[in-house]
Amino acid sequence: MEPEPLYNLLQLPGTVDLPAGATLSQGEKKKFLPPTSRKDPKFEELQKALMEWINAELLAEHIVVRSLEEDIFDGLILHHLLQKLSGVKLDVEEIALTAASQRRKLAVVLEAAGQSLRVEEPQAKWSVESIFNKDLLATLHLLVALAKRFRPDLSLPPDVKVEVIIMESTKSGLKSEMSVEQLTECGTDKDQPSKDVFDELFKLAPEKVNAVKEAIVNFINQKLDRLGLSVQNLDTQFADGVILLLLIGQLEGFFLHLKEFYLTPKSPAEMLHNVTLALELLKDEGLLNHPVRPEDIVNKDAKSTLRVLYGLFRKHKLKESTDGLPLESPS
């Protein structure tokens with residue numbers, strides 16, 4: 001079956017006025033998002049997912065995106081994001097204050113992005129002009145492409161498409177057409193990240209989550225008692241990585257020198273360092289059966305935190321005894 005074309009054009013009956021503040025010179029053609037498209041739930045969900053992803057990636061740099069339209073256009077955040085994802089150092093000024101310098105910086109960043117994505121601007125669904133002019137569709141196309149290239153496991157809403165109005169200024173007046181624009185591909189089972197028991201637990205049996213948490217907290221507190229530590233809140237107390245590292249040391253027999261981690265982390269970057277070290281130790285010991293991003297632990301994602309702790313719980317609880325808790329599955 002042939003793939004559905006990106007643009008499926010339909011002639012709009014009658015005439016349509018330009019959106020407020022928009023201009024169109026003779027012979028020019030532009031795309032506009034009607035209000036109904038902007039309010040489409042899947043369109044809004046995609047923006048939210050991308051913002052959460054960017055904020056997690058740039059957590060250590062204290063960068064927070066609140067609007068893809070208003071925060072991406074000047075190249076600053078794209079600069080930091082691309083450097084984090086690709087590891088390529090870009091030779092651009094850190095802070096560009098004037099419109100001209102912002103445009104120059106954006107051009108350098110987009111050229112580097114195009115090289116990483118193996119896409120040249122004529123074939124790209126974005127351009128320096130469109131991104132700089134806060135074109136939300138172009139911005140979304142760029143970010144989806146970056147996510148697909150560098151974070152293929154990132155869960156984005158599938159089959160997101162929106163209606164856009166394409167308007168052209170002709171000698172006889174404004175012509176308008178309707179286009180359906182595809183932003184993410186149709187989802188398939190192969191494309192989706194593999195699910196584990198905690199996905200099912202949170203989705204199908206949320207009432208059992210607290211029981212699992214309670215069992216793990218009791219186990220952890222038994223192990224941490226000799227250190228004079230205790231855990232009351234599973235969702236928040238592991239975010240800085242300190243208790244997690246001390247717990248791993250206790251259970252796995254590791255001696256962690258204080259130079260290797262931050263005992264009293266004072267910034268998100270230090271917290272991220274601790275959690276990353278902890279996940280590496282768990283991976284080396286074969287206790288991380290499902291991919292977990294350190295940013296998710298720092299951001300207090302309950303499901304990710306449980307995944308990490310359950311690996312330790314299951315291994316060491318099995319060593320001691322079976323006390324009635326189903327150890328093969330927390331369900």
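A residue is called buried when its relative accessible area is under 20%. By that cut-off, 7 of the 10 residues of strand 3 are buried, so strand 3 is largely enclosed by the rest of the structure. The model described here is a predicted one.

Strand 3 covers residues 161-170 and pairs with strand 4, residues 173-182, in the antiparallel sense. The pairing runs over 10 bridges. The two strands form a hairpin, with 2 residues between them.

## Helix 2 against helix 7

Helix 2 spans residues 41-57 and helix 7 spans residues 136-150. Their axes come within 11 Å and cross at roughly 55°. The crossing is left-handed.

On the side of helix 2, the contact is made by Phe-43, Leu-46, Gln-47, Leu-50, Trp-53 and Ile-54. Helix 7 contributes Leu-136, Leu-137, Leu-140, Leu-143, Val-144, Leu-146 and Ala-147. Of the residues in this contact, 12 are nonpolar, 1 is polar and none is charged.

## Helix 4, a mostly covered helix

Helix 4, residues 76-86, is mostly covered, with 8 of its 11 residues buried. The buried residues are Ile-77, Leu-78, His-79, His-80, Leu-81, Leu-82, Gln-83 and Leu-85. They pack against helix 2, helix 3 (68-71), helix 5, helix 6 (128-132) and helix 7. Just after helix 4 comes Gly-87, which takes a positive phi of about 75°.

Is Lys-105 buried or exposed? Lys-105 belongs to helix 5, residues 99-117. Its relative accessibility is 3%, so Lys-105 counts as buried.

Leaving aside residues up to four places away in sequence, Lys-105 touches Asp-74, Gly-75, Leu-76, His-79, Val-92, Glu-93, Glu-94, Ile-95 and Ala-96. One of these, His-79, is also among the buried residues of helix 4.

## Two lysines with positive phi

Most residues other than glycine have a negative phi. Lys-134 has a positive phi, near 60°, and is not a glycine. Lys-134 is located in the loop between helix 6 and helix 7. With a relative accessible area of 30%, Lys-134 is partly exposed.

Lys-300 is another residue with a positive phi, about 65°, although it is not a glycine. Lys-300 sits in the loop between helix 12 (294-298) and helix 13 (302-320). The relative accessible area of Lys-300 is 45%, so Lys-300 is partly exposed.

Key
Residues numbered from 1 in each chain as written. Predicted model: local features only at pLDDT ≥ 70, side-chain atom pairs only at ≥ 80, totals over all residues. Heavy atoms only, no water. Axes fitted to C-alpha atoms, helices over the stretch in contact; angles between N-to-C directions. Helix = DSSP H or I, 4+ residues; strand = E, 2+ residues; numbered from the N terminus. Left-handed = near helix turned anticlockwise from the far one by under 90°. Contact = heavy atoms within 4.5 Å. Nonpolar A, V, L, I, M, F, W, Y, C, P; charged D, E, K, R; others polar. Pairing = 2+ DSSP bridges. Buried < 20%, exposed > 50% of the residue type's maximum accessible area, 1.4 Å probe, protein only.
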